[in-house]
Amino acid sequence: LFTLVALGQGLYVLAVYPKQKRPCLTAIAVAFFVFTPWVGVGLWQRGQLAAVASAVQRQVPLGRFVDLWLRNLNRVFFNADWGTANLLVAALAAYSLYFLWRTHRRSAGLILLLVALPGLALLLTDVGLGGISSTRIRYLIPVYLGVQLTIAYTLAHKIALGKLWQRRAWGAVLALALLGSGSASWLAAQTPVSWVKSDKAVYYPAMAAAINASESPWVLSDGSATYLLALSQLLSPTTTLQMVDPNQLPPRPAEPVFLFAPSPQLKRAARQRYGRLDRQVEQNPRFQLLRVSAPGREASVNP
């Protein structure tokens, strides 16, 4: 992603400001130098990088892709999912890119390269080779930044320089956008999780409540560390969290033991080493919270 952004900016400078290529190349070289320590970290943690890469190598139907792309674009502005109405934001973004190109081509090249190079690279890779990288907002920050700048330019231009009816119409669009964004932010602040029901985050409050009901609980997981860190924000300070290898489970602690998002291997190993498991919360079968039954206690559910 860093390389694609630098490439786009370099191409823009060479095409539009060829006399400024030396300062541009110097800036890119300095940026690469500053980035160099992370190359060493990547080589040192190449096993972890491989695990992260494999986590996004999943086949997703094209229709699902489109839905996620539209939803993420809407979240950038409103932190919400409007379903089919997400197309409104996509249409505004597409029109804004076209309007910028039509009215200010000299500057449009930089924004279009910022949007197109990283966005198309991830999108085409996912569609052609399989993967879900293009559905992760963190990978597309330059793309969304370019879209935000383009929409801001379009609104400002239409409201300031358009005809009277255009100023009124686009002023109404801006007012509705500010109202929608403010309302979505207020609603998000009133709920423990702001993502929609299809995300794993909606299960966190119920899971955290089940764990916090015990004194000094012990939570084991062999799933994503990201999910465990997200859950930790809702847990009491007395909770112990531990990432484990199903083949090397620690001795059972005296505190209540929970399994968070366990793999089938971890569930099987925990049954053999600790005993029966109780399902604590009704949730996605692949995203469970299980509790090791107390000694001598029969589990009500065998997950």
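This is a predicted model: local features need pLDDT of at least 70, side-chain atom pairs count only at pLDDT 80 or more; totals for chains, interfaces and linings use all residues.
Trainee: How is the packing of two helices described, and what are the values for helix 4 and helix 5?

Mentor: Two packed helices are described by the angle between their axes and by the distance between those axes. In this model, helix 4 covers residues 62-78 and helix 5 covers residues 86-103; their axes come within 9 Å and cross at roughly 80°. Angles of 65 to 115 degrees count as roughly perpendicular, so helix 4 is roughly perpendicular to helix 5.

Trainee: Which residues in helix 4 and helix 5 meet?

Mentor: On the helix 4 side they are Leu-70, Arg-71, Leu-73, Asn-74, Phe-77 and Phe-78, and in helix 5 they are Asn-86, Leu-87, Val-89, Ala-90 and Ala-93. The residues of this contact divide into eight nonpolar, two polar and one charged.

Trainee: At what angle do helix 5 and helix 6 cross?

Mentor: Helix 6 spans residues 105-129, and its axis crosses that of helix 5 at roughly 145°, the two coming within 7 Å. The crossing is left-handed. Helix 5 contributes Leu-97, Leu-100, Trp-101 and Thr-103 to the contact, and helix 6 contributes Arg-105, Ala-108, Ile-111, Leu-112 and Val-115. Seven of the residues in the contact of helix 5 with helix 6 are nonpolar, one is polar and one is charged.

Trainee: Where does Ala-31 lie, and what is its relative accessible area?

Mentor: Ala-31 lies in helix 2, residues 21-44. Its relative accessible area is 28%, so Ala-31 is partly exposed. Phe-2 is 29 residues from Ala-31 along the chain, and their C-alpha atoms are separated by 9.4 Å.

Conventions: Residues are numbered from 1 along each chain as its sequence is written. Side-chain values use heavy atoms; hydrogens and water are left out. Axes are lines fitted to C-alpha atoms, for helices over the stretch in contact, and angles run from 0 to 180 degrees between N-to-C directions. Helices (H or I, at least four residues) and strands (E, at least two) are DSSP runs, numbered from the N terminus. Angles under 35 degrees count as roughly parallel, over 145 as roughly antiparallel, 65 to 115 as roughly perpendicular and the rest as oblique. Contact means heavy atoms within 4.5 Å. Ala, Val, Leu, Ile, Met, Phe, Trp, Tyr, Cys and Pro count as nonpolar, Asp, Glu, Lys and Arg as charged, and the others, Gly among them, as polar. A crossing is left-handed if the near helix is turned anticlockwise from the far one by less than a right angle, and right-handed if clockwise. Buried means under 20% relative accessible area, exposed over 50%, partly exposed in between (1.4 Å probe, protein chains only).
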